[in-house]
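Thank you for making time for this one. Please bring up the sequence and the model side by side, and I will walk you through them.

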Amino acid sequence: VPAKVGKTLLATQALVHIGLGMDLWGYHTVPKRVLYTDFEMGLYTVSDRLRLLNQSYPEAQDILRVQVRPKSLEAAIDLIGEHWGQWPEVWVIDPLIRLGYADENNNAEVRRRLDTLEQYAQTMGSPALIIVHNAGKPMRVPDAKQYEGLDIGRGATSIKDWLDTQV
């Protein structure tokens, strides 16, 4: 999905509905322990978004756990163990690019990092992972009012290969 279209809002809304056991997009959910880890936005921005979210879902403040800008994936996992005491059942990581690989186009490097994430998830009891990722920039089709490439994810093709589902 291109930048600034609401990927983070979509992910946090999904977490709130799943955390509270509310129907989501026509699907029934049951309450789960949820965690949102933001590797990119600052505390002020995340706090402001959560404040707005809590206006619509006041009960969300009791169920939604949030981490803001941990230094690394490993630091995020250490924080979960130290401060929460329970592993999440659903974990949003936003954005994928901040997981600690240098070249997002290097398939081997990206795949190693994704496999590391999956290994950590298995030690956590295999929470459902929701990964927020940016799409590549679409290309304008000459002499047309359309774009192509809207469904192409940014970076290595191993990202798409690793996913179960892409929205």
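Let me begin with a question: across which strands does helix H2 lie, and at about what angle does it run to S2? Helix H2, which covers residues 43-56, lies across S1 and S2, and it runs at about 165° to S2. The angle is taken between N-to-C directions on a scale from 0 to 180 degrees, with axes that are lines fitted to C-alpha atoms, for helices over the stretch in contact, and contact means heavy atoms within 4.5 Å.

A word on where this comes from. This is a predicted model, in which local features need pLDDT of at least 70 and side-chain atom pairs count only at pLDDT 80 or more, while totals for chains, interfaces and linings use all residues. Residues are numbered from 1 along each chain as its sequence is written, and side-chain values use heavy atoms, with hydrogens and water left out.

Now the overall layout. The protein chain has five helices and six strands, and along the sequence these follow the pattern α-β-α-β-α-β-α-β-β-β-α. Helices (H or I, at least four residues) and strands (E, at least two) are DSSP runs, numbered from the N terminus.

Four of the strands form an open sheet with parallel pairing, in the order S2-S1-S3-S4, where two strands pair if DSSP finds at least two bridges between them. The edges are S2, residues 64-68, and S4, each of which pairs on one side only, and from one strand to the next the twist averages 15°. S3 and S4, which run parallel, are joined by four bridges, and Val92 stands opposite Ile130 in S4.

That takes us to the interior. Buried residues, meaning those under 20% relative accessible area, with exposed over 50% and partly exposed in between (1.4 Å probe, protein chains only), make up 37% of the 167 residues in the protein chain. In soluble globular proteins, nonpolar side chains tend to be buried together. A nonpolar core here is a set of buried Ala, Val, Leu, Ile, Met, Phe, Trp, Tyr and Cys residues joined through side-chain atoms within 4.5 Å.

The largest nonpolar core has 20 residues, and those with the most contacts inside it are Trp91, Leu99, Tyr101, Leu114 and Leu117. At least two residues of this core come from each of H3 (73-84), S3 (90-94), H4 (107-123) and H5 (157-162), with H3 giving the most, five residues. A second, separate core has 17 residues, among them Ala11, Tyr36, Val92 and Val132. Returning to Trp91, and leaving aside its neighbours within four places in sequence, its contacts include Leu35, Ile77, Ile80, Leu117 and Ile130.

Trp25, in the loop between H1 (7-20) and S1 (34-38), has phi near 55°, a positive value in a residue other than glycine, and it is exposed, with a relative accessible area of 53%. Ser126, in the loop between H4 and S4 (128-131), likewise has a positive phi, near 60°, but counts as partly exposed at 49% relative accessibility.
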